[in-house]
Amino acid sequence: MSNLKTLDERTSKAEKDAKAIEEEIDKLCKEDLSHVADPRLVKLLSENEKLRHRLAILENAIKVESSSANQESKISRKRPHLITDINSIEGTVCIVDELKKVFEIAITSAYPDLDDPPVVITLSGNNPKFGDYQCNSAMPISQLLKAKNVKTNPREVANNILNKMPLTPLIERIEVAGAGFLNIYLNKAFAEHVLKCILQFGVKPPPVKKEKVIVDFSSPNIAKEMHVGHLRSTIIGDSICRVLEFLNHDVLRLNHLGDWGTQFGMLIAHLQEKFPDYKTHSPPISDLQAFYKESKKRFDEDEEFKKRAYSCVVQLQSGQPDFIAAWKLICEVSRKEFQKIYDRLNINIIDRGESFYQSRMDAVVKELKEKGFLEEDEGRLIMWGNSESHEGIPLTVVKSDGGYTYDTSDLTAIKQRVEEEKGDRFIYVTDAGQYTHFMTIDACARRAGIFKNGQKIEHVGFGVVLGEDKKKFKTRSGDTVKLIELLDEGLKRALDKLVEKGRDKVLTPDELKKAQEAVAYGCIKYADLSHNRINDYVFSFDKMLDDKGNTAVYLLYALTRIRSIARTAQISESKLLEEAKTSGFKLAHESEWKLGKVLLRFPEIILKVANDLYLHSLCEYLYEISSTFTEFYDKCYCVEKDKNGQIVNIFYERLMLCEVTAKIMEKCLDILGIKTVSKM
């Protein structure tokens with residue numbers, strides 16, 4: 001009996017304990033900790049309650065601010081200004097940009113509650129049934145609406161956009177196709193008017209906001225010859241400048257010469273010993289490469305000479321007049337040699353070497369020290385782009401011996417370009433291997449407060465020039481190819497090509513010389529620019545001088561043929577303008593309309609290149625113009641002749657199209673730095 005009583009008591013106690021545990025679990029689930037008698041917990045609970053209250057206030061403030069911002073965005077969102085009258089156009093029009101404005105209005109009208117809805121306009125491709133351009137916004141807008149629990153599909157979205165389209169003279173019609181693509185067909189009357197404007201007023205740039213752009217390119221080293229490695233930077237940099245100048249930007253072309261450093265000590269020491277009268281008689285050191293090698297050999301082998309070289313560096317950096325005079329003489333000899341190449345390639349550039357920034361470096365280093373940006377590392381002073389993660393490689397701002405480095409020079413240069421030159425864009429054209437260096441300069445400039453309001457370095461990197469063996473381009477002896485010798489070889493091969501085609505028999509000596517130079521330098525430039533600059537490319541004169549395919553020779557021949565059509569018919573440009581005023585500019589044949597639409601894309605190609613700095617896009621466009629013109633010329637007579645070769649009919653509208661084609665091709669070639677000739 002006693003055992004049964006004990007069992008009841010234990011059962012009752014267990015039930016009470018279980019109930020207590022259930023109640024405690026229930027309280028814990030409800031975050032009720034009042035049953036825990038611990039003053040530390042009471043304090044934490046009180047602080048937690050305060051934090052919850054503050055969080056609720058902040059969340060509410062964010063909702064209010066977000067709602068206010070959305071309202072302001074809707075109120076301040078300006079309706080884009082559209083072209084409403086064809087006759088108001090007097091120059092070129094970027095069709096893609098204008099279509100984006102048109103569809104922005106339609107999309108925001110159809111879906112006013114969407115913030116910054118995507119406006120996606122693309123070229124349709126070669127199939128006419130898909131229109132000339134496409135708006136592909138319906139799919140992403142459909143996804144945005146689904147995220148807001150709005151049931152819809154891309155085709156329904158496309159139809160809603162179509163119903164809200166504003167009137168525009170650019171578009172003839174729009175069709176909804178497939179899963180919601182909006183196929184856009186251009187208005188032929190609009191195209192004819194724009195092409196007539198080009199005929200009358202020339203190739204004008206599309207309007208853009210003017211900026212100060214600094215382009216750093218070429219950058220050879222004093223006392224060393226320019227080699228094939230400098231070719232890409234020089235050609236690409238010049239063409240980038242030409243694009244930006246065409247758009248009326250204020251472009252500063254800078255040649256960041258390597259004209260300062262310890263190597264000048266050995267050059268000056270060698271100059272003083274070899275030509276002691278250098279101050280009164282200009283020494284015959286036109287072959288600076290040989291002079292440099294001589295001084296370097298002595299520096300490496302002669303300890304006494306090495307000591308004198310170091311002494312010369314100290315005297316130079318302290319501004320001693322005789323040493324400054326020797327340094328200037330060496331720099332001037334180099335500059336004259338560089339200029340010979342720049343003249344032949346028609347390159348304009350302002351020399352501003354590392355020496356220009358020497359006086360500014362002390363102030364920059366002092367400022368970086370005072371602001372705590374520099375860290376000591378094994379005796380040198382370094383700067384990280386990210387002071388917390390220490391990712392990548394730091395800049396060495398001051399060496400352990402107290403001297404400055406290329407890093408110091410480049411950081412000082414960017415500060416000068418921001419603060420003194422008031423630059424908006426900062427473009428550096430160097431080999432792809434220097435990308436990390438310039439991104440570190442960019443990060444340090446940002447950290448130091450030099451860059452503001454989204455300013456940044458734009459590094460235009462490029463690959464290596466390869467020989468036909470797919471190895472780094474060298475001479476047979478393994479030396480670096482000198483640029484002057486490469487240009488001479490180009491001239492020789494260009495002349496051989498022209499003679500092979502019998503052009504020496506039909507051209508005057510002056511015309512032949514102009515054609516030779518245009519082909520030689522043009523083929524070298526175009527071979528470089530027509531490749532995606534990031535990739536390595538094979539240097540081959542045989543391929544460059546081929547008159548078939550996407551080469552400068554083919555394009556120059558194509559242009560001279562186009563120019564010869566009106567010349568053969570003895571129709572002047574003024575006569576074409578007269579005809580355009582009386583009969584207008586018509587694109588009647590399908591091939592005429594196809595060529596016209598290609599020509600209309602010139603502004604969008606130029607704006608794309610000015611933005612992404614990839615010049616092969618312009619080369620591809622130029623080749624497309626030429627190919628489309630050939631198709632047009634094969635199908636459409638411009639001048640009709642009888643069996644005796646006598647002209648019986650002239651199609652002026654087609655000659656007008658020839659003239660506009662030639663004008664746009666000439667402008668493209670000019671932007672690429674390629675000279676054109678009237679006869680080849």
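This is a predicted model: local features need pLDDT of at least 70, side-chain atom pairs count only at pLDDT 80 or more; totals for chains, interfaces and linings use all residues.
A polar contact is a pair of N or O atoms within 3.5 Å; within protein, one must be able to donate a hydrogen and the other to accept it, and residues adjacent in sequence count only if both atoms are side-chain atoms.

Residues are numbered from 1 along each chain as its sequence is written, and side-chain values use heavy atoms, with hydrogens and water left out.

**Asp259**

Asp259 sits in the loop between strand E6 (250-255) and helix H8 (263-274). Helices (H or I, at least four residues) and strands (E, at least two) are DSSP runs, numbered from the N terminus. The side chain of Asp259 also reaches the backbone nitrogen of Glu354, at 2.9 Å. Contact means heavy atoms within 4.5 Å. Not counting residues up to four places away in sequence, Asp259 touches Ile222, Phe264, Trp327, Cys331, Arg335, Gly353, Glu354 and Ser355.

Buried means under 20% relative accessible area, exposed over 50%, and partly exposed in between (1.4 Å probe, protein chains only).

| Residue | Relative accessible area | Class |
|---|---|---|
| Asp259 | 1% | buried |
| Ala662 | 1% | buried |
| Ala223 | 0% | buried |
| Gln570 | 74% | exposed |

Ala662 belongs to helix H23 (residues 652-671). Leaving aside neighbours within four places in sequence, Ala662 is in contact with Leu559, Ile562 and Arg563.

**Positive phi**

Most residues other than glycine have a negative phi. Ala223 has a positive phi, near 75 degrees. Ala223 is in the loop between strand E5 (212-216) and helix H7 (228-246). Gln570 has a positive phi too, near 60 degrees. Gln570 lies in the loop between helix H18 (552-568) and helix H19 (573-583).

**Helices H15 and H16**

The axes of H15 (residues 483-500) and H16 (residues 509-529) come within 8 Å and cross at roughly 125 degrees. Axes are lines fitted to C-alpha atoms, for helices over the stretch in contact, and angles run from 0 to 180 degrees between N-to-C directions. H15 and H16 are therefore oblique to each other. Angles under 35 degrees count as roughly parallel, over 145 as roughly antiparallel, 65 to 115 as roughly perpendicular and the rest as oblique. The contact includes Leu486 and Gly490 of H15, and Leu512 and Tyr521 of H16.
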